[in-house]
Amino acid sequence: VRAAKARGVAVTAGVTPAHFMLSDLALSDFRTFARLSPPLRCEDDRQAVIEAIGDGTIDVVASGHDPRGPEDKRLPFADAEPGMAGAETLLAMVLTLVRDGVIDMVRAFDLVSRTPARILGVAAGVLAAGNEADLVLVDEARPWIVDRRKMAATAGNTPFDRQPTEGRVTRIWKGGVEVAL
């Protein structure tokens, strides 16, 4: 992707937080909550993803939200379906890149909002006249522990279960109307 962009090819690339936060070591105990598609890779690849986010090679960080119920995940590893609940952890995981100095806050929101909207040709991702007022209020330093039992995604299959993190959405407005959390 980096070489194609250098040649002027119109190409985009995206990743999920699992792919910059976790390596294949998360699979060492055959924990099916970490069975994803694409699968987790080695630590060198994880570091390369972080570098690519930092240098602009990667354009988008998507949630990878593809929750699976216990009937799909509580199986032997080879039989379990890939997927994870990712919507609730997206922001906190992207904010780790800000805290680690990989990107700044503006780039973080570009990765999850402005750039995906631009790529898809959607009038969203920025505050502009004529756009719907889709807003989130974020407490970037609010600590919390990911708890699969308390997630809105009832499947609760997240590879980040019990991980301490920071950054929480405190209020949401969709089309100018506040949405209950």
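How much space lies in the second largest pocket? About 230 Å³ of space lies there, while the largest pocket has a volume of about 1200 Å³. This is a predicted model, in which local features need pLDDT of at least 70 and side-chain atom pairs count only at pLDDT 80 or more, whereas totals for chains, interfaces and linings use all residues. Residues are numbered from 1 along each chain as its sequence is written, and side-chain values use heavy atoms, with hydrogens and water left out.

**Largest pocket**

- A pocket here is an open set of points on a 1 Å grid over the protein atoms alone, where a 1.4 Å probe fits, with protein on both sides within 12 Å along at least five of seven lines, and lining residues have an atom within 4 Å of a point.
- Among the 33 residues lining the largest pocket, Leu90, Leu135, Val136, Val169 and Ile172 are the closest to its centre.
- Strand 4 (164-174) is one of the elements that supply at least two residues of this lining, and strand 4 gives the most, with 6 residues.
- The lining of the largest pocket comprises 22 nonpolar, 5 polar and 6 charged residues.

**Second largest pocket**

- Of the 14 residues that line the second largest pocket, Val15, His19, Arg41, Asp45 and Val49 lie nearest its centre.
- Two or more residues of this lining come from each of strand 1 (14-15) and helix 3 (43-54), and helix 3 provides the largest share, 5 residues.
- By class, the lining of the second largest pocket divides into 8 nonpolar, 3 polar and 3 charged residues.

**Terms**

- Helices (H or I, at least four residues) and strands (E, at least two) are DSSP runs, numbered from the N terminus.
- Ala, Val, Leu, Ile, Met, Phe, Trp, Tyr, Cys and Pro count as nonpolar, Asp, Glu, Lys and Arg as charged, and the others, Gly among them, as polar.
- A volume is the space filled by probe spheres set on the grid points, which are joined across faces, edges and corners.
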